[in-house]
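Please keep the structure in view while reading.

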Amino acid sequence: MPKKGRHASSDGNRVRWGRVRGLPRRPTEAAAQSSGPMACSEAAVQALSGGFVLAGVAYLLAQTRQSSPYGRYVDPPERVRTVPARAAWFLQELPSFLVPVALMWSSRGPPSGLGPRLLAGTFCLHYFQRTFIYSLLTKGRPYPLRIVLYAAIFCSMNGFFQGYYMLYCARYDEAWASDIRLVIGLILFFLGMAINVHSDYVLRSLREPGEVTYKIPKGGLFEYVSGANFFGEIVEWSGYAIATWSLPGLSFALFTVCSIGPRAYHHHRFYQEKFEDYPRSRKALVPFIF
């Protein structure tokens with residue numbers, strides 16, 4: 001991200017981020033007025049963003065040795081405590097929806113404006129779909145309890161982080177609505193979400209009720225990659241990072257790449273080893289590339 005110039009406002013309590021030369025119509029950001037414990041802390045935002053990136057890299061390195069032990073990679077499943085797939089997805093994804101919604105409802109600081117609330121709403125839209133729609137439709141295997149707990153903790157932290165930044169730190173000027181970063185970012189976000197939702201539908205359609213066998217997915221982006229659902233989610237959060245033009249958005253997008261990118265690769269190898277007729281032209285994650 002380009003470095004930001006700043007100057008103090010006349011009231012001495014608020015910091016405004018000014019535009020940078022060469023970047024017209026840049027979103028302006030301001031710390032929320034110091035009206036309580038939820039005032040914006042630039043140091044906290046930078047520290048948490050760095051923490052997300054480091055955690056993502058660590059997770060990536062861990063998955064080079066072994067895929068995360070859930071789904072098809074739990075062996076044998078009877079040796080670990082598990083949670084039914086629908087309950088697992090509901091419980092672990094719910095905090096990412098509830099926490100930012102609660103922050104929006106309870107916010108007592110200065111109005112954050114339409115821009116931050118719209119972008120916080122796009123974040124909540126994804127997790128509304130994952131919590132209240134996807135979780136009720138999934139036909140996956142039971143999840144290890146510890147994985148559900150870890151995921152719920154992460155979703156709670158990330159839901160708070162993204163909501164906190166949008167509601168208490170981010171500000172966008174009037175030109176924001178026509179900024180190319182917002183336009184491109186939202187297009188990518190909704191395109192990625194559509195790919196993700198359709199790919200989940202394709203995977204569900206492969207199984208009859210109660211069936212847990214694996215089959216070759218076909219249709220949509222599965223004609224090009226083994227991890228079409230993962231590709232869609234990476235596109236989605238990359239779009240969110242561009243639309244928000246923020247360190248929290250960027251750090252979450254990078255964490256997403258590091259966490260589910262390797263899983264797409266492991267799925268690709270699984271299909272190649274299990275099915276002799278698996279399409280050789282199909283890539284793991286990125287069409288025609290990887």
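## Cysteines

Cysteine 169 is buried, at a relative accessible area of 3%. The model is predicted. Cysteine 169 forms a disulfide with cysteine 40, and their sulfur atoms are 2.1 Å apart. The count is one disulfide. The link of cysteine 40 and cysteine 169 is right-handed, with 105° about the S-S bond. Cysteine 40 sits in the loop between β2 (15-17) and α1 (42-63), and cysteine 169 in the loop between α4 (145-168) and α5 (180-205), so the pair ties together parts 129 residues apart in sequence.

Cysteine 40 is buried too, with a relative accessible area of 19%. Cysteine 155 is buried at 5%. Cysteine 258 counts as buried at 13% relative accessibility.

## Aromatic pairs

The structure holds 30 aromatic pairs. Phenylalanine 52 and phenylalanine 255 form a tilted one, 6.4 Å centre to centre with 55° between the planes. This pair links distant parts of the chain: phenylalanine 52 lies in helix α1, phenylalanine 255 in helix α7 (residues 247-274), 203 residues apart. Phenylalanine 52 is buried at 6% relative accessible area, and phenylalanine 255 is buried at 12%.

Phenylalanine 123 and tyrosine 127 form another tilted pair, at 5.1 Å and 50°. Both lie in helix α3 (residues 114-137), four residues apart, about one turn of the helix. Both phenylalanine 123 and tyrosine 127 are buried. Ring pairs link residues into a cluster, among them Phe52, Phe123, Tyr127, Trp237 and Phe255.

## Charges over rings

Arginine 130 lies over the face of tyrosine 134, 4.1 Å from the ring centre. Lysine 274 lies over the face of phenylalanine 275, at 6.0 Å from the ring centre.

Methods: Residues are numbered from 1 along each chain as its sequence is written. This is a predicted model: local features need pLDDT of at least 70, side-chain atom pairs count only at pLDDT 80 or more; totals for chains, interfaces and linings use all residues. Side-chain values use heavy atoms; hydrogens and water are left out. A disulfide is a pair of cysteine sulfur atoms within 2.5 Å. Helices (H or I, at least four residues) and strands (E, at least two) are DSSP runs, numbered from the N terminus. Buried means under 20% relative accessible area, exposed over 50%, partly exposed in between (1.4 Å probe, protein chains only). Rings of Phe, Tyr and Trp (its six-membered ring) pair if their centres lie within 6.5 Å; planes under 30 degrees apart count as stacked, over 60 as edge-to-face and the rest as tilted. A charge sits over a ring if NZ of Lys or CZ of Arg is within 6 Å of the ring centre and within 35 degrees of the ring normal.
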